[in-house]
Amino acid sequence: MACHEIAGLRLGLMEILGVKNEAERQHELAELGAGADQPGPIRSLCGAKDLATLKQFYEGAVAALEERVSATRSDDPKLPYLRTLVVLTKKVDLDLAHQIEGLTHLYRDLDEMHDFVHEIYPAE
């Protein structure tokens with residue numbers, strides 16, 4: 001069983017960040033197997049074009065994982081792995097939110113600093 005949510009997120013981040021590493025891309029696609037081609041949040045996640053949609057698709061993938069865990073029988077030998085995967089994906093979700101928040105702060109700070117420079121040098 002593979003960590004499809006993480007592989008999909010890595011592929012989406014590669015797209016957004018402009019990472020052109022074909023070996024890594026093929027590794028993540030192999031991790032996903034047919035999951036990369038099936039309609040749903042994982043496939044959408046792989047091709048995200050911006051951070052907002054990346055986060056939205058990731059949250060959708062995590063929600064689908066949580067539904068899968070809740071539908072899994074308590075005696076299923078895969079249940080401990082699936083529960084651990086829920087914890088991992090939650091941590092990654094929090095990290096992703098913090099990274100987006102940090103970039104948003106940088107964006108706002110750049111505007112503030114730009115205005116400040118014009119206050120110091122009004123003629124420039």
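Reader: Why is E31 called partly exposed, and where does E31 lie?

Author: In this predicted model, E31 lies in helix α2. Its relative accessibility is 30%, and since partly exposed covers the range between under 20% for buried and over 50% for exposed, E31 therefore counts as partly exposed.

Reader: How far apart are E31 and A7, in sequence and in space?

Author: E31 and A7 are 24 residues apart in sequence, while their C-alpha atoms are 6.7 Å apart in space. A7 itself belongs to the buried residues of α1, which are E5, A7, G8, L9, L11, G12 and M14, and what covers these buried residues includes α2, α3, α4 and α5.

Reader: How do you know that the span of α1 agrees with what its 14 residues should give?

Author: At 1.5 Å a residue, the 14 residues of α1 should span 20 Å, and because the end C-alpha atoms of α1 are 20 Å apart, the two values agree. Just after α1 comes G18, which takes a positive phi of about 75 degrees.

Reader: How does the reach of α5 compare with the expected value?

Author: Helix α5, residues 79-120, has 42 residues and reaches 61 Å from its first C-alpha to its last, which is close to the 62 Å expected at 1.5 Å a residue. The buried residues of α5 are L79, L82, L85, V86, T89, V92, D93, L96 and I100, and they pack against α1 and α4.

Reader: What makes D93 count as buried or exposed?

Author: D93 is found in helix α5, and its relative accessibility is 14%. Buried means under 20%, so D93 counts as buried. Leaving aside neighbours within four places in sequence, D93 is in contact with K55, Y58 and E59.

Reader: Why is R43 placed in its accessibility class, and what is in contact with R43?

Author: R43 is found in helix α3, residues 41-46. Its relative accessibility is 40%, and because partly exposed is the range between the under 20% of buried and the over 50% of exposed, R43 counts as partly exposed. Apart from neighbours within four places in sequence, R43 is in contact with G35, A36, D37 and Q38. R43 and K90, by comparison, are 47 residues apart in sequence and 19 Å apart in space, taken from C-alpha to C-alpha.

Reader: What makes a set of residues a nonpolar core, and which residues form the largest one?

Author: Such a core joins buried nonpolar residues through side-chain atoms within 4.5 Å, and the largest has nine residues, namely L9, L45, A48, L54, Y58, V62, V92, L96 and I100. Helices α4 and α5 each supply at least two residues of this core. With neighbours within four places in sequence left aside, L96 is in contact with L9, L54, K55 and Y58. Apart from this core lies another, of eight residues, among them A7, L11, M14 and L32. In soluble globular proteins, nonpolar side chains tend to be buried together.

Reader: What is the volume of the largest pocket, and which residues are closest to its centre?

Author: The largest pocket has a volume of about 240 Å³. Of the 13 residues that line this pocket, the closest to its centre are L11, M14, E15, V19 and R25, and the elements that give two or more residues to the lining are α1 and α2. By class, the lining has six nonpolar, three polar and four charged residues.

How values were computed: Residues are numbered from 1 along each chain as its sequence is written. This is a predicted model: local features need pLDDT of at least 70, side-chain atom pairs count only at pLDDT 80 or more; totals for chains, interfaces and linings use all residues. Side-chain values use heavy atoms; hydrogens and water are left out. On a 1 Å grid over the protein atoms alone, a cavity is a set of points where a 1.4 Å probe fits but cannot get out, and a pocket is an open set with protein on both sides within 12 Å along at least five of seven lines; lining residues have an atom within 4 Å of a point. Grid points are joined across faces, edges and corners, and a volume is the space filled by probe spheres set on the points. Helices (H or I, at least four residues) and strands (E, at least two) are DSSP runs, numbered from the N terminus. Ala, Val, Leu, Ile, Met, Phe, Trp, Tyr, Cys and Pro count as nonpolar, Asp, Glu, Lys and Arg as charged, and the others, Gly among them, as polar. The expected span of a helix is 1.5 Å times one less than its number of residues. Buried means under 20% relative accessible area, exposed over 50%, partly exposed in between (1.4 Å probe, protein chains only). Contact means heavy atoms within 4.5 Å.
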